[in-house]
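Take a look at the structure below.

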Amino acid sequence: MRRILLLAGANIRRAKLQMGILAILFLIAAMLMNVGFALLFNFGNYFDEMAEDLNTSDALIVISQNLWSEESEAYLRSQVTEYEKHSVVLLMGEIPWGDNIVNQAFMFSDVAEVRNFSQWKLVGDYEPLSANGVYIPFGMNIHGHELGNDFTIATDQGDFTFVIDGHTESILSDGVNTFANLFVPTTQFQMLYDQFSNYRAYLFFANGVANVSGLLFELDVIAGSVASGLSPDLVMAGITLESISMFRTMMANMTAMIMVLFTLIIALVSLFVVRFRIKNSLEEDIGRIGSLKAIGYESKQVIRSVILQYGVVIFIASVLAIVPTIFILPAIGNVLASQSGIFWQPGITPEFYALTTVILVLIVWLGTKISARGIKKITPVAALRGESIANQKTKRNRILLSKTKLPLIPALAGKSVFQGFRQSLMMFFIMLAVSLTGMISLVIFYNATIDLSAFELIPGNERANSAIALRPEVDHRALQAEVIALPDVRDAQFHDFMFTIANEEFVSISVMDDFDRRVTRNIHRGSFPRTAYEVAISGIGANLFGTEIGDVIYIGTTEAPFTVSGIFSGMAEVAMLTAEGALRANPDFTQNVLFIYLYRGTDAAIFTENLGIQFAAESFMVINGDAEFEEGAGIFASILSMVGIVILIIAICVIMLILYLVIGATIIRRHRELGIQKAIGYTTGELMRQISMAFSLPVVLGTVSGVVLGIFFAGDLLNVAMRPMGVLAANLLVNNVWLLAAGGILVVLAIGLSLLVTWRIRKISAYKLVTE
Amino acid sequence: MTLIKTKQLNKAFNLGGREQQVLKNLDLEIKAGDFTVIMGPSGAGKSTLMYALSGMDKPTSGSINFSGTEISGMSNDELARFRRKNCGFVFQQMFLLDNMSIMDNVLAAGLLVSNDKSTIVKRAEELLTSVGLTAQEWNKFPTQISGGEAQRSSIVRALINRPAVVFADEPTGALNSAAGGAALDVLTKVNNDGQSVICVTHDLRTANRGNRVLYIRDGIIQGECDSGAYVSGDTDRHKKLNAFLAEMGW
């Protein structure tokens, strides 16, 4: 063993630079793997463990006390295995959110109230709750609501200002796609409870709920079908742990998947590179191997020393990768927190570091095994003569200098490409894989940062610049006409959601007067519903019902038949009905929310503020749609743009490292050939051009192929990735100019680097060669 | 006519911090058309002298005038350009490019100097034929032909650009007797046609082909023998050379 160690140590010392580059490459791969594994396994587990630690119930149900009755309670009791009931005060209001203002449904609770189900905990620094203090969800911390700051909620009942004394973590009520539960002192809570008697609600944490939508539907029926999602005095809402979990971990899972996929590409590339490097080093060292065999070393000892040589370097790289991982993961956790609301600090995760190390060392082992097979066969004498361990196949003499029209240097470069065809092919595929990854990340970055128009369509939500939620007693049509007559308004139509039964499934249905006036054109096939007898269904809906265009589904309490007119892409609604159609499905359906579309250039914030003033008596809420949308899309955009740019940078670094490694190794391997050429009169510049041209061909072809595949298929690949989320066609913008420019930059960088690396040819001495 | 002239030529190597003077103030003239043989014991400086004269290596000091051009101060790239036009090389180990056919090995040198491909190809074919290589062998790789054939191919590569001098370093060192004789016949023939040859050797048979033999020891030319033009079977000439070498202590 000592001999093997000594051999491995000597080999590392002799190829310090090459081993160093290889170590950096593997350090990057190890770091990506550590991060990917932590996100993939730890983040989701952390969420599940937190949900378990907090004894989170299967579902949260919030119902205005105005809608509650003995009958409701009896029904609820019959539908769940256990539940816990709390009194809360509901307020809809606006709060600052970074540079924007957003609307949020707040749920005030008494901090002293004991919860058995769906508990909450304080995270980070916090203070004892002061008289005017409040504990707010942790997710808000990232958007400017830090410890000690004032926390002002602007509601139609006036502004309420508290002091932030701490941040909480909970699963079902932390404001991420659900209510934001605020905890105030008992006296403060009592004051709010007394002041807003109309906005009191019951908060239920229930277990054993078969179908929350169905439960809410029945409770709504019991209450007389008057619930409104937007009126704080008529709230009937619920959410399941499953859907919250999916929503809050979705970004992390997506990021993890991208990271792990990219890491797999890097690992595969590393396997190629290791194999290439080992094969080259064995060829370079064949004389030494011959000496070792001649003095009695066995082939397996030589092979083990090679495995040890690379294994040690890769092991050290994997261990060193722990340091950046420890710094990077909390930063990623912070970025994800804006969507997850989780204070995720994974700390040190030795199991993932070990897994990463094992995988990478296995790659080295495999690479060595494949490359070193020839060592066993070669005799000491043959090795001492410098014979190759590679199988001697009859070569074909490509690009005959006597026949080719190419100038001499390009012709010699072309010969090199064919003679090292497998290596050229390896370079081609490496460049293709890495540049395609770079192109995909660039598409993500472009859509998440530069032009969000396609990105905004992904959720499939209708986007209006402003909206107004009307009180039930208001003459809706008259008010709609009044709003349309306003100078800045281009169009206005009602857009509501209806929770009802469709083919025996409880679903959320989007209802509009005229879908052809809809801004979000997310129809994938067929058309939006145009008559009272048509329905459009989402991709998820199509799977759920097992239906296609032209099929009939039965919707609502009346089980009215509707013909499927189209399939749309989106993550939220399952179906779309016209207002007339909605009335066929549910005769009690009423329209409440008027979506307002403004002329280009109109400031939605000012318009919405004026709208609220003008129609204060008729509405209970106005919404700045632009701000809401930017805030919603902003979270996804900031995460994905970060992922995109990081992967792009890593892709470029990997390309540079690989080129450095491969070209460097090639020059070492071909030093005899280059020395001969120098002897017969080739200059360093001519040899540099010859080598860099030989590399440029697979590099340029690989990069161009990566760019072309990116241009034609990056969108499709991302579509496939998003399909499980219900996005049938993400239609992400693929900016060809950006991709071509990026490909051009990659090619220029690659050629520049190859020239830089080939500069070392100047050190090759013809004289040394002939006198050795 | 003087082809190469050196003045106070010195070459020293640094061997692990210790300077070793290999060539010592050499003043030497090589005439055009000569077959100059450099002999001497191992480590005497034979190859060092030859590679200094050919611009393959730079002297530590002194001047080398090659056909009227001072080459001792040239940069590596200037020397490379100089070599490609003025020098042809024949090495003991042949140093053919293994990844190219014989023809391409010759053309890789020829096309470096001339863009007139048809003329170069024609000359390559003529030369290869003249050294006894068939068209079938031109397209073989160096590993697919015999050592003698490879050496004759390398002579063709050395001649392709009509160099001022062909430098041969132990051209028969790796060959059997017959193959070595054939290679020497080629060199003798081209010399008879007017080609200057400078050859370093330990081999008496090779030395016998030269018309001028220089004997070098410890970096100094100890003596020289003007043995006249090579004539096959001329025993007197052979005896003269033997006597000279005996005098030199060979």
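The text below starts with the interface of two chains and ends with one residue.

This is a predicted model: local features need pLDDT of at least 70, side-chain atom pairs count only at pLDDT 80 or more, and totals for chains, interfaces and linings use all residues. Residues are numbered from 1 along each chain as its sequence is written, chains are lettered from A and ligands numbered from 1 in the order written, and side-chain values use heavy atoms, without hydrogens and water.

Start where chain A meets chain B. Here 34 residues of chain A are in contact with 31 residues of chain B; contact means heavy atoms within 4.5 Å. About 2,800 Å² is buried between the two chains, and carbon and sulfur atoms give 59% of that area. Buried area is the accessible area (1.4 Å probe) that two parts lose on being put together, summed over both.

The rule finds 3 salt bridges across this interface. A salt bridge is a side-chain nitrogen of Lys or Arg within 4 Å of a carboxyl oxygen of Asp or Glu. B:Arg84 forms a salt bridge with A:Glu686, with the closest N and O atoms 2.6 Å apart.

Now turn to chain B. B:Ser154 lies in helix H6 (residues 147-159); helices are DSSP runs (H or I, at least four residues), numbered from the N terminus. B:Ser154 counts as buried because its relative accessibility is 0%; buried means under 20% relative accessible area (1.4 Å probe, protein chains only). Not counting residues up to four places away in sequence, B:Ser154 touches B:Phe89, B:Val90, B:Met94 and B:Leu96.

Conventions: Helices (H or I, at least four residues) and strands (E, at least two) are DSSP runs, numbered from the N terminus. Buried means under 20% relative accessible area, exposed over 50%, partly exposed in between (1.4 Å probe, protein chains only).
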